[in-house]
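Subject: Structure for you to look at

Dear colleague,

Here is the structure that I promised to pass on, and below it I have written down what was found. Please keep it open beside this email while you read.

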Amino acid sequence: MSGTLYLCATPIGNLDDMTFRAIKILREVDLIAAEDTRHTRKLLTHFEIHTPMIRFDENCKSIVGEKILQRLQAGESVAVVSDAGLPAISDPGADLVKLAVDAGIKVSPIPGANAALSALICSGLDTTKFLFAGFAPKTKKNRREFLQKLSTVDATIIFYEAPHRLKNFLTELAEVFGQRQAVLARELTKIHEEFLHGEISELAEKISEPRGEFVIVVEGKTFSEQIETPDESISAVVEKFMADGLDKKSAMREAAKIFNVSRREIYNKLLSLEL
Ligand code: SAM
């Protein structure tokens, strides 16, 4: 019988957010795989957890991943933790889960704090449909492409960004996304927790020397916005439907319904844009 791989949430700032179950599981497992063992040691000391730890980060994930897999296959149980929040969300863990799933090992969540969802639920923006985009690419060209793709998404979008890149990121976001509502969720669960609301460009101006940790939550593009915009948005809608699995004819039929025009008109527009 192989053991279980637990994906264990840890607080994102406030130690009181550690769950009873997380403490119990971290005490019970044979091994804790931690992104930064020195950082996690403080947490374990605070909660009187004495389980052995192994470092598991981006640099050593393939070698250590195999070792962890062998221990799981031998019947031991292992908990993965990151520095904060949920492992495998903009943090190490996803590759290990893949290894375990492929090897038929049981994977189980120990839910808890997460910065993205904590920001979303307090943002006041639509929570029925959202997309977690994580960190934008570091190079300008890749970042622009990444943002351009996201600009047509009709769902609330959540980004992570480091404070020293935040102002530049918001300026670029405003250039690509235009005047949409956004929320900066700062220092969630900590003493200086705050939420700044406004249009993206206003927020970019307001933030001069940002300190602390930030989540950026941005309003998605609505269909009504797309209807008012030029022909390129028609092709974006057809492309979106095709990406969702429709063939071109069906995608054009669905786009025609949205724009309240005939399929022939959609076809002609696409021809003129050479889609
Ligand atoms: N795994 C974590 C989670 O579940 O939220 C995310 C880790 S990621 C490496 C770190 C980023 O998450 C930060 O740069 C920031 O964007 C966001 N973040 C983490 N803690 C936060 C907090 N207390 N307040 C606001 N943002 C936070």
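Between which domains does the ligand lie, and why? Domain 1 (4-113) and domain 2 (116-221) both give residues to the shell around the ligand, so the ligand lies between them. The protein chain also has a domain 3 (224-273), and the bounds of these domains come from an automatic or database domain assignment.

Please keep in mind that this is a predicted model, in which local features need pLDDT of at least 70 and side-chain atom pairs count only at pLDDT 80 or more, while totals for chains, interfaces and linings use all residues. Residues are numbered from 1 along each chain as its sequence is written, and side-chain values use heavy atoms, with hydrogens and water left out.

The ligand is surrounded by 19 residues, the closest being L86, D91, N114, Y160 and F214, where a residue counts as near if one of its heavy atoms lies within 4 Å. The shell consists of 11 nonpolar, three polar and five charged residues, with Ala, Val, Leu, Ile, Met, Phe, Trp, Tyr, Cys and Pro counted as nonpolar, Asp, Glu, Lys and Arg as charged, and the others, Gly among them, as polar.

Among the polar contacts (pairs of N or O atoms within 3.5 Å), a polar backbone atom of L86 is 2.8 Å from an oxygen atom of the ligand, and a nitrogen atom of the ligand lies 2.8 Å from a polar side-chain atom of D91. A polar backbone atom of L188 is 2.9 Å from a nitrogen atom of the ligand.

Best wishes

Methods:
A polar contact is a pair of N or O atoms within 3.5 Å; within protein, one must be able to donate a hydrogen and the other to accept it, and residues adjacent in sequence count only if both atoms are side-chain atoms.
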